[in-house]
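Please describe this structure for a reader who is new to it.

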Amino acid sequence: MRIQSAKFELSAISLDSCPESKLPEFAFIGRSNVGKSSLLNVLSNQSALARVSKTPGRTREINFFTINGAWSLVDLPGYGFAKASAADRDRFNEFVSDYLRERENLCCAFVLIDSRHEPQGIDQEFVRWLVEGEIPFALVFTKVDKVKPALVKKNIALFQDAMATWCDGQPPIFTTSSKTKDGRRELLKFIGEAIA
Ligand SMILES: Nc1nc2c(ncn2[C@@H]2O[C@H](COP(=O)(O)OP(=O)(O)OP(=O)(O)O)[C@@H](O)[C@H]2O)c(=O)[nH]1
Ligand SMILES: [Mg+2]
């Protein structure tokens, strides 16, 4: 798929303030700093559409971007941001879970996982919550430029093994690098097929 246009739509802080548009949506979620905003920029071919930061927990609201006037990319706040206060965490967890459970035009939640690490409890818990809620999702292992391919493979296999103990079947899996743009073509192909 070619990207002809990418436009920032709005920032929402509650389900009510999400766009009224019913374009098919693809959301990025994952731990703080995993590379959600960077990947969004790579997919949309824009260097600074979504804000990338060295400070974790930067993205506090849900940001909507319209691509080719036909579908949307959604940048969700990172989960597991240790420095946020408990009250803050609850508020945004509630909004993110409302969004994931209730947004009717959500086609797929891409769960970003850092490919450098063995499966983390928080990622598994979140994926389990998606499975239980029957929310469509795919796994995206990020930052593959930072580690040897064999380690990426091993960490993916460990995650799949862990999932197999509580879930039938496996979700689609992608590997990406926002530095080399690895995986961009595959993700766009997946999105293209989903909206066709
Ligand atoms: N080498 C490398 N660095 C990356 C990659 N993706 C992201 N980064 C870096 O990781 C840091 C965090 O990236 P972001 O895209 O802001 O991460 P995020 O998930 O949006 O973070 P929050 O909004 O805070 O939850 C930045 O310093 C990026 O430059 C990647 O594929 N490869
Ligand atoms: Mg971000």
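Phe 141 has Thr 175 in E7 as its bridge partner. In this predicted model, local features need pLDDT of at least 70, side-chain atom pairs count only at pLDDT 80 or more, and totals for chains, interfaces and linings use all residues. Residues are numbered from 1 along each chain as its sequence is written, chains are lettered from A and ligands numbered from 1 in the order in which they are written, and side-chain values use heavy atoms, with hydrogens and water left out.

Strand E7 covers residues 173-175 and pairs with E6 in the parallel sense over 3 bridges. Two strands count as paired if DSSP finds at least two bridges between them. Helices (H or I, at least four residues) and strands (E, at least two) are DSSP runs, numbered from the N terminus.

E6 also pairs with E5, again in the parallel sense, over 6 bridges. Here Val 111 stands opposite Leu 139. The chain gets from E5 to E6 through helix H3 (residues 121-132), in a right-handed β-α-β crossover. Right-handed has a set sense: with the strands pointing away from the viewer, the path from the first strand over the helix to the second runs clockwise. Asp 114 has Thr 142 of E6 as its bridge partner. A right-handed β-α-β unit is also made by E6, helix H4 (residues 149-164) and E7.

On its other pairing, E5 meets strand E2 (residues 25-30), parallel over 6 bridges.

| Strand pair | Sense | Bridges |
|---|---|---|
| E2 and E5 | parallel | 6 bridges |
| E5 and E6 | parallel | 6 bridges |
| E6 and E7 | parallel | 3 bridges |

Next comes burial. Buried means under 20% relative accessible area, exposed over 50%, and partly exposed in between (1.4 Å probe, protein chains only). In E5 (residues 106-114), 8 of the 9 residues are buried, so the strand is largely enclosed by the rest of the structure. In E6, 6 of its 6 residues are buried. In a regular strand the side chains alternate between the two faces of the sheet. Both faces of E6 are covered: Phe 137, Leu 139 and Phe 141 are buried on one side, and Ala 138, Val 140 and Thr 142 on the other. Across the chain, buried residues make up 47% of the 196 residues.

The cysteines form 0 disulfides (pairs of cysteine sulfur atoms within 2.5 Å). Cys 107 is partly exposed, at 29% relative accessible area. Cys 18 is buried, at 7% relative accessibility.

In total, the chain has 5 helices and 7 strands.
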